[in-house]
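Hello,

Here is the structure I promised to pass on to you. Please have a look at it first, and then read on for what turned up in it.

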Amino acid sequence: MFVTHLSLADFRSYASVELGLEPGVTTFTGANGQGKTNLVEAVDYLATLGSHRVASEAPLVRHTAERAIVRGRVQAGLDDPRQLLLEIELLPGRQNRASLNRAPLRRPRELLGALRTVLFSPEDLALIKGDPSERRRFIDELITTRWPRLAGVRSDYDRVLRQRSTLLKSLSGRGRSIPDGAAATLEVWDESLAGFGAELIQARVRTLADLTPHLQRAYLAIAPTNNDAQLAYRSPIGPEPDTSVEELQARLILAMSERRSDEIARGVCLVGPHRDDIVLSLGELPAKGYASHGESWSFALALKLASFDLLRADGVEPVLILDDVFAELDQMRRERLAGMVAEAEQVLITAAVAADVPAALGGRRFQVGGGEVKEIDEASEVEHGRA
């Protein structure tokens, strides 16, 4: 699939933008702060309903505006002319509104799956060097991209987690003696949390198993040395890819009962997918704390390229977005990356310096600045030494 048109109203720095896009490679260049990342962020938002740069939606709405609109037309494939019109209206402090082919949707998450993207940006270095929450977010976004219905499971899990945490907090300090009514209520929340949590854990573990061979190939292609990249899921319930949801739920309930006194004493949920981690390794050592800066960059990039290959193996051609990536790579890695992405159906690239993007990628080029997005023709490239 690929995006054929992007329309923005009061999104980030743009009062209004109408941008025609095509399959193949498209590069947006411009000085930092001119809005090139805002364009690809909007495309990714249509696919994921989230931003890779901020956690809240308020910064996505242009200053002084009350709302923002992101609209994109998506074609199914090079040989499939079917198109969908996706629209999301961002309303900070209120429920966002979404529509598909101009028909309103009950919930924005019903838009998930209509467009699929894989985005790599400098922020993704946190996958290697950051907290477990960064890696959990990565795998949860990937499982939701593979199976959009899991967005509802994630939402339900978060809701139950908040309710169970509130109950535990109210019971903290009581020791082992808690009212019978509270104990019965806690058991209900245990079962509900374990049910939703088991679905998420199973999807995570299966996806990591499917992702690993793609990761190993991608890292081998990018990094010249120390290229044995591995993934492992870390959880006290020891899940395997073939463990059933029912078995995982039973293990979670047992683990909660074993940690019951600790949870009540501390007033927090200590068991569940919100506490798990993904261990990233190079050879026999964990990447976090041992990998060099270059190795960390290569690992993060390989994770995203592996995600892209996994989705393609699932029968989906996602849009690949490389946001300010080439400036962080040496010449060898730039050339290797260019060779790996050139065959993608659609690649959107941002770069502060046009020369950082290997000329072999070709494609359309746009200059971004002063609130405008202008295509660079071949004559301009010759004049500036690009051709």
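Helix H8 (residues 293–313) lies across strands S9 and S10, and its direction makes about 125 degrees with that of S10. Before I go further, please keep in mind that this is a predicted model.

The sheet under H8

The sheet that H8 lies across is an open one of three strands, in the order S9-S10-S11, with antiparallel pairing. Its edges are strand S9 (229–234) and strand S11 (285–286), each of which pairs on one side only. Strand S10 (residues 277–282) is joined to S11 by two bridges, and these two strands run antiparallel. If you want a place to start looking, leucine 282 stands opposite leucine 285 in S11.

Phenylalanine 120 belongs to strand S8 (residues 117–120) and tryptophan 297 to helix H8, so the pair ties together parts that are 177 residues apart in sequence. Are these two residues buried or exposed? Phenylalanine 120 is buried, at a relative accessible area of 1%, and tryptophan 297 is buried as well, at 4%.

Another pair is made by tyrosine 219 and phenylalanine 299, with ring centres 5.7 Å apart and planes at 55 degrees, so it counts as tilted. This pair also links distant parts of the chain, since tyrosine 219 is in helix H5 and phenylalanine 299 in helix H8, 80 residues apart. Tyrosine 219 is buried, with 0% relative accessibility, and phenylalanine 299 is buried with a relative accessible area of 0%.

H5 against H9

Helix H5 (residues 180–222), which holds tyrosine 219, has a helix partner too. The axes of H5 and helix H9 (residues 331–341) come within 9 Å and cross at roughly 135 degrees. That angle makes H5 oblique to H9. Which residues make the contact? From H5 they are Ala218, Leu220, Ala221 and Ile222, and from H9 they are Met332, Arg333, Arg336 and Met340.

Phenylalanine 326 sits in the loop between strand S12 (319–323) and H9. Although it is in a loop, phenylalanine 326 is buried, with a relative accessible area of 1%. Leaving aside neighbours within four places in sequence, phenylalanine 326 is in contact with Arg334, Leu337, Ile349, Asp356, Val357, Pro358 and Leu361.

The six-stranded sheet

There is also an open sheet of six strands, in the order S2-S1-S4-S5-S6-S7, with antiparallel pairing. Strand S2 (14–20) and strand S7 (103–104) stand at the edges with a single partner strand each, so one side of each has no neighbour in the sheet. Strand S1 (residues 2–11) pairs with S2 in the antiparallel sense over six bridges, and leucine 6 has leucine 19 in S2 as its bridge partner. Helix H1 (residues 36–48) packs on this sheet, touching S1, S2, strand S4 (68–77) and strand S5 (80–90), and its direction makes about 110 degrees with that of S1.

What sense of pairing joins S3 to S14, parallel or antiparallel? Strand S3 (residues 24–29) and strand S14 (residues 364–369) run parallel and are joined by four bridges. Phenylalanine 28 stands opposite phenylalanine 366 in S14. S14 also pairs with strand S15 (residues 372–375), this time in the antiparallel sense, over four bridges. Here valine 368 stands opposite valine 373 in S15. S14 and S15 form a hairpin with two residues between them, and glycine 370 in the turn has a positive phi of about 60 degrees.

Conventions: Residues numbered from 1 in each chain as written. Predicted model: local features only at pLDDT ≥ 70, side-chain atom pairs only at ≥ 80, totals over all residues. Heavy atoms only, no water. Pairing = 2+ DSSP bridges. Contact = heavy atoms within 4.5 Å. Axes fitted to C-alpha atoms, helices over the stretch in contact; angles between N-to-C directions. Parallel < 35°, antiparallel > 145°, perpendicular 65-115°, else oblique. Buried < 20%, exposed > 50% of the residue type's maximum accessible area, 1.4 Å probe, protein only. Phe/Tyr/Trp six-rings, centres within 6.5 Å; stacked < 30°, edge-to-face > 60°.
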